[in-house]
Amino acid sequence: MVAENSTPHLHSAVEPKQTFRRALDMSSRAAMPSLFIMFSAILLSAPFGIPGQAQLQFGIAMCTVWFWAHSRPRSMPALAVFLCGLVVEIFSFGPPGTVLLSLLVIYGVAHHWRYGLSRLGFLMGWLIFSIFAVIASFFQWALVCLHAVALLSPAPGLFQAALTIGIYPSLTALFVWGRRTFANPDQA
């Protein structure tokens, strides 16, 4: 008869203990994209006199939602997009609900297509983002025209789309760096 080993089996991998400090650290890292949108919205609502300041506010929010929704959805859940959209709406000067609806639609598309978008190269992802930036800017322009009950010039909408498309590469570089360093909730 073979004697059984009475010593317990030891696992080679030991998981760190989940402490309050660790949970707080992980939560703050995961909230970085949302905090970035809110801070940018508040900062860009100040009267600095920068040309295109209101359009930049929308562009930063849209780029941030698009990147994090397909790159790391845990850091940009739908509730966070909704809250960020509310903050941007409070500090923006457009018709109520347009930014919020645009951000939720962008989030839905990027989150739904995240597996396909992750396989595409940067240029193709930028092209797809550009199409949605133009659509979102056109949507906002159309709602402003409805709100004013007049056909307004599409130049501000086109400028917003161009600015949003133009800042995407630099914000993506910042977000890729942030994803690898401070915004990684799994980092110890």
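What pattern does the chain follow when read along the sequence? In this predicted model, the pattern is α-α-α-α-α-α-α-α. The chain has eight helices and zero strands.

Let me begin with the chain as a whole. Of its 188 residues, 39% are buried.

I come next to the annotation. The unreviewed UniProt entry places the feature "transmembrane region" at residues 30-48, 76-93, 127-152 and 158-177. I shall take two of these spans in the model. Residues 30-48 are 74% helix and 0% strand, and the C-alpha atoms at the ends of that span are 30 Å apart.

Finally, I would draw your attention to one helix pair. Helix α3, residues 53-71, packs against helix α5, residues 98-112, at an angle of about 25°, and their axes lie 8 Å apart. Because angles under 35 degrees count as roughly parallel, α3 is described as roughly parallel to α5. The crossing of α3 past α5 is right-handed.

Which residues make this contact? From α3 they are F58, A61, M62, V65, W66, A69 and H70. On the α5 side, the contributors are V99, S102, L103, I106, Y107, V109, A110 and H111. By class, the residues of this contact comprise twelve nonpolar, three polar and no charged.

Key
Residues numbered from 1 in each chain as written. Predicted model: local features only at pLDDT ≥ 70, side-chain atom pairs only at ≥ 80, totals over all residues. Heavy atoms only, no water. Axes fitted to C-alpha atoms, helices over the stretch in contact; angles between N-to-C directions. Helix = DSSP H or I, 4+ residues; strand = E, 2+ residues; numbered from the N terminus. Parallel < 35°, antiparallel > 145°, perpendicular 65-115°, else oblique. Left-handed = near helix turned anticlockwise from the far one by under 90°. Contact = heavy atoms within 4.5 Å. Nonpolar A, V, L, I, M, F, W, Y, C, P; charged D, E, K, R; others polar. UniProt positions renumbered as here; feature names shortened; annotations may be inferred. Buried < 20%, exposed > 50% of the residue type's maximum accessible area, 1.4 Å probe, protein only.
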